[in-house]
There are 2 protein chains.
Amino acid sequence: MSYKNFPMVSKVVFGRGSFNQLGDILSPKRLNVKAPFIYIVDDVFQGNSWLTSRIPLSYDDKIYYISANEEPKTSQVDELVEEIILTYKALPSGIIGIGGGTIMDLAKAISIMLTNEGESKEYQGWDLVKKPAIYHVGIPTISGTGAEVSRTTILTGPHRKLGINSDFTPFDQVVLDPELTKDVPKDQWFYTGMDCYVHCIESLNGTYLNSFSQSYGEKALELCKEIFLEDTLSKDESNDKLMMASWHGGMSIAYSQVGVAHAMSYGLGYLLGVKHGVGNCIVFEHLEEYYPEGVAMYKVMREKHNITIPKGICSNLSDKEFDIMIDVALSLEPLWENALGKHWKKTITRDKLKELYLKM
Amino acid sequence: MSYKNFPMVSKVVFGRGSFNQLGDILSPKRLNVKAPFIYIVDDVFQGNSWLTSRIPLSYDDKIYYISANEEPKTSQVDELVEEIILTYKALPSGIIGIGGGTIMDLAKAISIMLTNEGESKEYQGWDLVKKPAIYHVGIPTISGTGAEVSRTTILTGPHRKLGINSDFTPFDQVVLDPELTKDVPKDQWFYTGMDCYVHCIESLNGTYLNSFSQSYGEKALELCKEIFLEDTLSKDESNDKLMMASWHGGMSIAYSQVGVAHAMSYGLGYLLGVKHGVGNCIVFEHLEEYYPEGVAMYKVMREKHNITIPKGICSNLSDKEFDIMIDVALSLEPLWENALGKHWKKTITRDKLKELYLKM
């Protein structure tokens with residue numbers, strides 16, 4: 001048996017207002033005046049000077065505002081990489097992602113593709129990246145995805161929704177400033193928080209579980225319960241703790257694997273473009289069979305916060321569309337094996353998945 | 001206000017038997033055939049072929065067996081560094097520490113001093129190291145110290161007991177194989193485990209606490225309670241969990257600070273050579289005033305496991321000796337400030353410390 005040798009984030013700073021330290025963090029990393037820092041920033045912050053005025057810009061540094069309304073795509077990565085290469089005379093000094101999972105995954109993928117030849121779709125899979133990425137920094141502005149600690153960057157490509165999993169993927173630097181999450185809309189807060197909750201349930205109930213993942217998963221789950229079920233925390237405390245829950249939940253799955261909800265959510269994401277957070281919720285509603293306690297607790301949380309989950313999104317799909325979605329879900333073999341063990345193919349048939357998708 | 005930018009361990013592997021992967025982990029790191037891997041191994045393993053036969057040796061690789069009966073010294077680091085430099089034609093490819101906190105701290109310090117000029121005592125303090133260390137690997141064989149994740153290496157120098165705290169100190173690779181802890185004697189298991197417990201109490205009750213340290217400290221404390229107070233775990237499960245408790249406890253203090261017990265234990269260590277684990281226990285017995293709940297729970301643990309703690313170790317000391325011990329303890333200002341706030345000097349007087357030491 002061989003165990004994963006997991007690459008960790010190199011440096012992390014945590015604290016309210018730690019975003020103000022970004023200039024001090026980056027300046028020793030500038031290679032030369034022609035090698036800019038490129039900021040990939042969620043376009044919800046465009047015109048928000050509270051945040052943007054604190055992004056340190058010198059020389060040819062540039063901000064790209066990117067919409068996170070759609071899941072990140074391999075074609076989007078390739079276009080941004082081409083634009084950066086054509087615009088500057090030198091490779092960037094660093095790529096800084098400021099946003100949620102979509103933006104952080106784009107920043108990771110761009111930093112990899114600036115030094116690796118070809119198209120990003122060629123690197124979807126495990127350990128296909130050959131050269132170290134450009135220095136890259138992750139600054140989450142919404143909590144739950146775990147993208148800040150993972151060794152993957154989930155992209156929708158022409159053929160599949162799959163991550164670029166490699167030792168070069170994790171961030172060189174993460175800035176955890178919970179103050180940046182203060183204006184997240186309530187439904188987004190819930191959907192993305194539930195990504196963390198689902199990570200914990202899938203990790204703790206998986207066959208790949210070990211004491212390393214268990215300790216992280218248990219702590220993240222405890223924090224989720226405190227945040228989403230209890231009324232003891234101030235909003236600031238709650239945001240602080242959700243940022244740590246996301247971190248620990250990410251570490252838990254990073255060293256084990258996700259499960260049924262993620263496999264099926266990737267299918268929805270690939271075919272219908274459903275965003276990952278809400279996609280997890282749509283799927284998780286119907287997984288009592290696999291995670292009975294986890295789903296029951298999720299429903300209490302959803303009701304407590306009066307959140308609406310879209311329904312009937314699969315009701316008008318053709319057989320061909322179901323086939324595409326089922327193909328994507330079934331291709332994620334490690335997720336199913338983690339959830340149900342080596343013999344998962346005995347119970348997870350195409351008919352079973354169609355039956356589940358039809359409920360959603 | 002400025003927050004710490006904490007450097008993490010680069011890569012970690014966890015699992016029973018993961019020690020067998022050491023060869024695969026190291027081979028890509030060999031610089032050339034003249035650049036050996038140097039193993040710093042606790043001499044309790046000398047002649048123990050169960051462990052030593054699995055240490056991968058090629059070319060000029062060498063094992064140094066080192067006693068951990070005494071706390072690590074700056075002079076010891078300097079001697080080992082000189083011997084390595086005189087023996088080999090090239091700098092080593094890597095330094096691998098296999099043992100407890102003493103051995104791991106020696107490995108960290110040697111890897112730093114092979115690339116930084118002068119004597120190791122010159123680097124005791126904060127951020128005095130200028131050049132990156134040699135690639136270094138930590139493999140704990142006893143759990144609790146947190147040395148596997150810290151950015152320090154605590155050394156007894158001619159003038160003080162103080163760490164080399166730097167961004168270059170943390171390990172490039174940690175191998176967490178709980179099987180390696182199976183033969184730890186019961187009293188050592190308890191003393192070193194209590195180092196972790198005390199880390200949690202000092203971190204969670206400190207004024208430097210933040211949500212980052214809190215989440216790690218709470219998880220480590222929970223694991224300590226399960227291990228030392230309950231009877232639900234098998235020996236293997238207990239050893240697995242204590243290895244993770246040490247890791248999380250280390251992360252908790254790494255991002256905050258220790259407190260009263262550590263400050264006073266360093267005094268005992270410097271003057272009397274008391275080992276750190278038992279030193280913490282000797283001190284902690286008498287700190288009800290500062291950590292009432294933590295000390296009460298510690299005493300339940302000590303009684304449950306029928307552990308004897310040395311007494312009266314300060315009863316025959318001269319005034320001069322008390323002064324030395326008190327000087328060392330008082331010099332650790334961040335520890336006192338974390339424990340008691342900015343105005344700690346109002347209550348922590350030389351007389352107060354002497355009164356406490358006299359009880360021990």
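## Strands β8 and β9 of chain A

In this predicted model, strand β8 of chain A pairs with strand β9 (residues 161-165) in the antiparallel sense over three bridges. Two strands pair if DSSP finds at least two bridges between them; strands are DSSP runs (E, at least two residues) and helices are DSSP runs (H or I, at least four residues), numbered from the N terminus. Thr156(A) stands opposite Lys161(A) in β9(A).

These strands belong to an open sheet of three strands in chain A, ordered β6-β9-β8, with mixed pairing. Its edge strands, each pairing on one side only, are β6 (125-126) and β8 (154-156).

## Strand β3 of chain B

Six of the six residues of strand β3 (residues 37-42) of chain B are buried, so the strand is largely enclosed by the rest of the structure. Buried means under 20% relative accessible area, exposed over 50%, and partly exposed in between (1.4 Å probe, protein chains only). Phe37(B), Tyr39(B) and Val41(B) point one way from β3(B), while Ile38(B), Ile40(B) and Asp42(B) point the other way.

Strand β3(B) runs parallel to β5(B) (residues 94-99), over five bridges, and five bridges also join β3(B) to the parallel strand β4(B) (residues 62-66). Tyr39(B) stands opposite Ile96(B) in β5(B) and opposite Ile63(B) in β4(B).

## Basis of the values

Residues are numbered from 1 along each chain as its sequence is written, and chains are lettered from A in the order in which they are written. Local features need pLDDT of at least 70, and side-chain atom pairs count only at pLDDT 80 or more, whereas totals for chains, interfaces and linings use all residues; side-chain values use heavy atoms, leaving out hydrogens and water.
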